Amino acid sequence: GLTIAASFLFSFRMGMIQTFSILLHEIPHEIGDYAILIENGVSIKMAMFIQFLTAIACLIGTILGFVLENTEIGTKWIIPFTAGGFLYISCVQVLPTLVERK
């Protein structure tokens, strides 16, 4: 959400490109998460609710990004913060799983 807001604050075109890119990534990702939840015994209703909560979290992040637009936090830290979050997830959660499978 923060990434989307930061992209729109940079330019409308960048915001649209970023939103479309995230959508292309998130649709199969959310379907996969839903399948994993169902496969592990979560009810269909609860799995849909959990996926809804993640969508709401994205919306809250986007709104927060627009609210922080004219603050020092918004202009200097949103993109580095979100980039750091993505790097953290890939290095701490994804990479060890890939290395472990070898």
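The protein has 4 helices and 0 strands. Read along the sequence, its pattern is α-α-α-α. The model is predicted.

**Overall form**

Start with the whole chain. Along its principal axes, the C-alpha trace spans about 45 × 35 × 20 Å. The radius of gyration is 16 Å, whereas a compact globule of 102 residues would have one near 13 Å. Buried residues make up 16% of the 102 residues.

Helix 2 covers residues 12-39, and helix 3 covers residues 44-67. The table sets out their lengths.

| Helix | Residues in helix | First to last C-alpha | Expected span |
|---|---|---|---|
| Helix 2 | 28 residues | 40 Å | 40 Å |
| Helix 3 | 24 residues | 35 Å | 34 Å |

Where does helix 2 bend? The bend is at glutamate 26, and its angle is about 30°. A proline follows within four residues: proline 28. After helix 2 comes glycine 41. The phi of glycine 41 is positive, near 90°.

Helix 3 has buried residues. Among them are Ala47 and Gln51. Gly61, Thr62 and Gly65 are buried in helix 3 too. An α-helix has 3.6 residues a turn, so residues three or four places apart point the same way.

**The largest pocket**

Now turn to the largest pocket. Its volume is about 860 Å³. The lining holds 25 residues. Which of them lie nearest the centre? They are Gly1, Ile22, Glu26, Cys58 and Phe86. Glu26 is also the residue at which helix 2 bends.

Helix 1 (2-10), helix 2, helix 3 and helix 4 (72-101) each supply at least two residues of this lining. Which helix gives the largest share? Helix 2 does, with 10 residues. By type, the lining divides into 11 nonpolar, 11 polar and 3 charged residues.

**A residue in helix 4**

Valine 94 lies in helix 4. Why does valine 94 count as partly exposed? Its relative accessible area is 40%. Buried means under 20% and exposed means over 50%, so a value in between counts as partly exposed.

How far is valine 94 from serine 11? In sequence, the two are 83 residues apart. In space, they are 31 Å apart, C-alpha to C-alpha.

Methods:
Residues numbered from 1 in each chain as written. Predicted model: local features only at pLDDT ≥ 70, side-chain atom pairs only at ≥ 80, totals over all residues. Heavy atoms only, no water. Expected span 1.5 Å × (residues − 1). Bend = angle between axes of the 7 residues up to and from the residue. 1 Å grid on protein atoms, 1.4 Å probe; cavity = no way out; pocket = protein on both sides within 12 Å on 5 of 7 lines; lining within 4 Å. Points joined across faces, edges and corners; volume = space filled by probe spheres on them. Nonpolar A, V, L, I, M, F, W, Y, C, P; charged D, E, K, R; others polar. Rg over C-alpha atoms; globule rule 2.2 N^0.38 Å. Buried < 20%, exposed > 50% of the residue type's maximum accessible area, 1.4 Å probe, protein only.
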